[in-house]
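User: Hi, can we go through this structure together? I'd like to start with the charged side chains.

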Amino acid sequence: MEPVTASTSVSASASAEHVTTLRRFNRYFTRRIGVLDDHYLGQDRPLGEARLLFEIGTGASLKELRTRLGLDAGYLSRMVRALEGQGLVRVSVHPTDSRLRLAELTETGRAELAEQNRRADGLAEGLLNGLSEEQRGRLTEAVTVAERLLRLAGVGVRAVDARSADARACLAGFAAELDERFPEGYDTADLVPPEDIAVLLVAYEEERAVGCGALCALDADTAEIRHLWVHPDARGLGLGRRLLTALERAAARRGHHVVRLDTHEVLKEAAAMYRTSGYVEIPAYDANAHASYWFEKALVLPG
């Protein structure tokens with residue numbers, strides 16, 4: 001049984017070589033695709049405005065755009081006004097929520113976006129044409145991995161009140177998915193009551209709740225992990241394993257020496273993750289009607 005040291009962070013601090021390599025790639029790539037040019041893709045606007053046109057697409061509220069792009073409200077408003085002044089965007093009251101303003105592309109804006117997409121495709125194709133088919137495959141795979149890792153790096157995990165809106169939304173998503181996947185179904189009444197949850201962790205990607213996990217105390221020595229769930233949009237990043245590790249550390253900080261969990265036979269991906277994370281199968285320790293396998297792992301306390 002492999003112990004986990006709960007007092008350490010997700011990983012050691014990045015080395016100078018890691019930092020230098022990433023910065024070097026950023027400098028090369030931003031120059032290569034013309035990010036530094038005030039006339040991005042040869043059009044009469046910088047990358048920021050070009051990206052905003054793309055994100056508005058078929059219409060988006062200014063609130064949604066701020067969240068999606070991580071922009072200051074004042075800066076976003078100035079860019080939207082600039083695009084309005086050029087006849088590319090119009091802003092109106094949202095049809096279903098009068099508190100929101102909706103940005104939409106005009107006919108001229110849609111035409112410019114179409115041309116922007118054509119030029120961007122041409123730029124990407126030009127880069128790829130300089131490679132062999134095998135090299136294109138390697139590059140595509142490398143970019144896919146880089147995107148996945150950068151998304152994971154940007155996800156934050158923090159403890160929240162088990163009664164909070166984000167906690168309730170994640171647990172509702174968890175229950176709805178299990179109700180669909182389990183042959184016997186799953187009822188929200190089977191969720192652990194908030195008062196029985198010692199720690200509720202929620203994962204956030206760009207301030208959107210995309211996963212959760214609960215920690216409960218079985219006794220002074222043993223804790224239990226429940227309701228570990230990742231939103232379908234955030235799967236494949238390694239977020240489930242990060243939540244699992246964070247819950248183990250939370251258990252160790254609370255003085256528990258052992259952590260347990262169970263899973264359903266249809267959740268084969270979950271069982272595989274537990275086994276590769278150092279958990280060993282044990283006899284049933286509860287009467288959970290949805291459990292097919294029970295697991296346990298020893299923890300190393302901080303210090």
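User: Which residue forms a salt bridge with Lys297?
Analyst: Glu248 does, with the closest N and O atoms 3.3 Å apart. The pair links distant parts of the chain: Lys297 is in strand E11 (residues 293–300) and Glu248 in helix H8 (residues 239–253), 49 residues apart. Helices (H or I, at least four residues) and strands (E, at least two) are DSSP runs, numbered from the N terminus. A salt bridge here is a side-chain nitrogen of Lys or Arg within 4 Å of a carboxyl oxygen of Asp or Glu.

User: What should I know about the model?
Analyst: It is predicted: local features need pLDDT of at least 70, side-chain atom pairs count only at pLDDT 80 or more, and totals for chains, interfaces and linings use all residues. Residues are numbered from 1 along each chain as its sequence is written, and side-chain values use heavy atoms, leaving out hydrogens and water.

User: Is Lys297 buried or exposed?
Analyst: Buried, at 5% relative accessible area. Glu248 is buried too, at 2%. Buried means under 20% relative accessible area, exposed over 50%, partly exposed in between (1.4 Å probe, protein chains only).

User: How many salt bridges are there?
Analyst: The count is 21. Among them, Arg275 pairs with Glu281 at 3.1 Å between the closest N and O atoms.

User: New topic. How many disulfides?
Analyst: The count is 0. A disulfide is a pair of cysteine sulfur atoms within 2.5 Å.
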